[in-house]
Amino acid sequence: MIGDAVHCAPAQTPASRSAPARPPVPPRLTPYGLRCEHRRTPLGVGEPRPLLSWRLASARAGDDPVAYELEVGDWSSGRVEDPAAIGAVYGGPPLLPRTRYGWRVTVWARDGAAGSAESWFETGQDVWQASWIAHDPAAVAHMDPPTEGEQALSHHGLLPCPQLRTSFESTAGVTRARLLISAKGLYEARVNGHRVGDAELAPGWTDYRRRIQYQVHDVTPFLLDGENVLAATVADGWWSGFTGFDPRRPGYHYGRFPELIAELHLTFDDGSTRVVATGEGWRTGHGRVRYGDLLKGECHDARAETPGWDLPGFDDSSWRPAVVTGDDHSLLVASRDEPVRALGELLPISTVLVRPGVHLVDFGQNIAGRVRLAVRDQEPGRRVTVRHGETLDGEDRLHTANLRTADATDVLITAGGVEEVFEPRFTYHGFRYAEVSGLDRLDDIRAVVLHSDTPWTGTFDCSDPEVNRLHDNIGWGQRGNFVSVPTDCPQRDERLGWLADAQVFLPTACFNADVSGFFSKWMRDVVDAQSPEGGFSNVAPLLSGVADEGAPGWADAGVLVPWHLYRVYGDDRFLDVDSMVRWVDFVARHNPDLIWRHRTGPHFADWLAPGPATPREVLATAFFHRSAALTAEAARVRGRHGEAERLGALADRVRAAFVEAFVGDGGLVEGDTQTGYLLALAFDLLTPEQSRGAAARLAALVEESGPQTGFLGVNLLCPVLSAHGRDDLAHALLRRTDPPSWLYQVRHGATTVWERWDGVGAPSMNSFNHYAFGSIGEWLYSGVAGIDQAPGSVAFREVVIRPLPGDLSRACARYESARGLISVSWHNDAEGFRLETRIPPGATATVHLPGGDIRRVTSGDHIFELVRGDKA
Ligand code: BGC
């Protein structure tokens, strides 16, 4: 039965280039899915003692590990008796820079049989020799004679994207070539005409005043015997372009103009080495990209193309010397995450000529990305404009009011000729529709889906197609908003790493995809944004113009996010206890009576709640308790027992203060709102008796008016209702179609989750791709399908299978957990209930069957049947 026992629809689209092909289940205990620092075969690992991890599979039930051995190069951990291990930190001698290390893990099963698997990683470097270089923007005016129509192309003061190049001689016999590269801004590198790597929007967004990630690319196949060219185009990106809603640039957020740094390390077959680095001697000029901006869009003038500029033999004598802008390498760090990549393409579902020369294209799906189109047989100088929108005004006009100042407009000036392909490179947009003007014919256009490469790990399917569409919409919202950082939305002039949005959506995100590397990078951004006083922020990376003192539920993400990552991935290095303690002490210091009323930043309250407002102090104090309690737990995990005790006691005192101030007879929580009860129940603030009263009151409020929460309660609605015996109500909420509800959006054609429950609001604050309300996704996996872990369990060592069928007739989910595959498939009808489940090696599971029957099972495949009705 293994291999076929559990079926579930595959993920709707390939969401990751690095997703491991699903391996056939091996007959005996075998490690697979090997990772170094949460990434598959990374180049440029910066961690001196990287974490090496693996998943486990076996076709035999109860085939659990007892020990492992890790071998890295010449170093071995020896046999380590640890039945829970799914990873270990390298413990050998210091790793050399820019070196490939092969590694192997061997895992022993209880019966002595061993299984092993191999992988590799390459280290990065700390010591750089390259200089930062740039095209001096002051020289732009004198640089290129303006092309025809240049005035028309100048846009919001954006400048042409500089091309930078150098050439060097090499001999044959290059055995290895690695390009280490970064930019203040964005880069696209080329070696001898070949595009380097497949990263988009690299090096990604960080607070560049604190940290700049570099990437490493293998360019060995591109090297030539004789003259070689190393080249790059750079663009403003988040560094010096329009970023967020504050329109001040350049130089307001981070920098004034883009800069490049790169080192090409060559190793020859005789063992000799050579480095080609950015610095004196590089040349710079402009080409077709007249500007490229994340929010405004990108303009190519194909007439200004500089053919062969990235190839040997190009005459760059008319170009200027690149300006060396500095030698500071102190902020350069190796990337911790996989980059943004182009991870899918969509063909239009309709293309309509709505006005002469104007086509409206519907891609059928709201995404983040851009359009690629082919232009044929046009005369030179024709202006082709691509505008983007998530929805339409009327039948044939883009709705752009919700983009605010993000023009999201790309322009091509044609060079003429048989065929030109246009795809912007330094921008992205949130859209379903594109309006293309300037062409009489449009027959080759597609949408390119961009997002951070996070291997997809979850699938869910059930008997209600509308719920399945909701699940798909949640996944698309995740793709569209995980673009280098977790953003609130991909379309308007915002796209910021808002902490609460990420915090409430994280549990859903972790089921859908392996986001360990993505959040390992973002948690650095969060800690970078922490104030010297200890306050976490509202957005990370931090940028000017956004209130940086964190609000309740936003700033607390600095504790809630790492705690959840630790529980899901089992990597306790996520728990940066120092930063967490500084946060809790900051709130405590300013609120000596333990009711959090001071230093609440811009207090966003229960953002976008349609119902009655939850009192601000109730919300804030509940989060204060949660942060204190989880920080105490984190300190305990990291062996900081004194801290654990101190903060545990603080959490107890905050709970007492909360109850004293806000909890009345029968568990009534001040304000009498859904979110008030949800937080009190989920954050363990009440006695069992108070909980019963609070849960009953919550249920009554939900029955009365459907969901009334904003961002801070929505993720808890269904989990808390079902934890308190009301999965009937949780299902009723899930299946509800009146506003406010999830399926109301689905019924109204949503292909992503909306910012507002009903999609109605001021146009400037009405995004159709905001994932916070999509945080019900967690409960589809953990509630409806029934894949969860026990409260004290880490990395799904103690799985809980507790399906909640409601009145669905079937559901299934597969989840590639950090330990291995967990799957559930159930059918429920008048005749009975049948459940199939798979539990990975090294885990045990408690299976809760409808009707109250509870079974303990080992790893492996299990089938349960409850017969009812006539057959009983
Ligand atoms: C964003 C939200 C964010 C909020 C803070 C909004 O503009 O879109 O998602 O969390 O500001 O209240």
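Leu608 sits in the loop between helix 8 (577-590) and helix 9 (616-637). Helices here are DSSP runs of H or I with at least four residues, strands are runs of E with at least two, and both are numbered from the N terminus. Although Leu608 is not a glycine, its phi is positive, at about 65°. Most residues other than glycine have a negative phi, and most peptide bonds are trans.

Before going on, a word about the model: it is predicted, so local features need pLDDT of at least 70 and side-chain atom pairs count only at pLDDT 80 or more, while totals for chains, interfaces and linings use all residues. Residues are numbered from 1 along each chain as its sequence is written, and side-chain values use heavy atoms, with hydrogens and water left out.

Thr41 is another residue other than glycine with a positive phi, near 35°. Look for Thr41 in the loop between strand 1 (30-36) and strand 2 (51-57). At 27% relative accessibility, Thr41 counts as partly exposed; buried means under 20% relative accessible area, exposed means over 50%, and partly exposed lies in between, using a 1.4 Å probe and protein chains only.

The bond from Ala202 to Pro203 is cis, with omega near 10°, and Pro203 belongs to the loop between strand 13 (194-195) and strand 14 (212-218). The bond from Pro739 to Pro740 is also cis, with omega near -10°. Pro740 lies in the loop between helix 15 (727-735) and helix 16 (742-747).

## Around the ligand

An N or O atom in the side chain of Asp501 is 2.5 Å from a ligand oxygen. For Asp488, a polar side-chain atom lies 2.7 Å from an oxygen atom of the ligand, and for Trp554 the distance is 3.1 Å. Taken alone, the ligand exposes 310 Å², and the protein buries 96% of that. Accessible areas like this one come from the Shrake-Rupley method with a 1.4 Å probe; for residues, only the protein chains shown count as cover.

Pro507 is part of helix 5 (residues 499-512) and is buried, with a relative accessible area of 11%. Setting aside residues up to four places away in sequence, Pro507 touches His564 and Glu778; a contact here means heavy atoms within 4.5 Å. The C-alpha atoms of Pro507 and Gly777 are separated by 8.2 Å, although these residues are 270 residues apart along the chain.

Gly777 brings us to helix 17. Why is helix 17 described as largely enclosed by the rest of the structure? Eight of the nine residues of helix 17 (residues 777-785) are buried, so the rest of the structure largely encloses this helix. Among the buried ones are Gly777, Trp779, Leu780 and Tyr781. Just after helix 17, Gly786 takes a positive phi of about 105°.

Is Ser484 buried or exposed? Ser484 is buried, with a relative accessible area of 3%. Ser484 lies in the loop between strand 35 (482-483) and strand 36 (485-486), and its side chain reaches the backbone nitrogen of Trp205 at 2.8 Å.

Glu816, found in strand 39 (residues 810-816), is buried too, with a relative accessible area of 14%. The side chain of Glu816 makes a polar contact of 2.3 Å with the side chain of Tyr32. Leaving out residues up to four places away in sequence, Glu816 touches Tyr32, Arg55, Thr457 and Leu821.

Methods
Polar contact = N/O pair within 3.5 Å; in protein donor to acceptor, adjacent residues only side chain to side chain.
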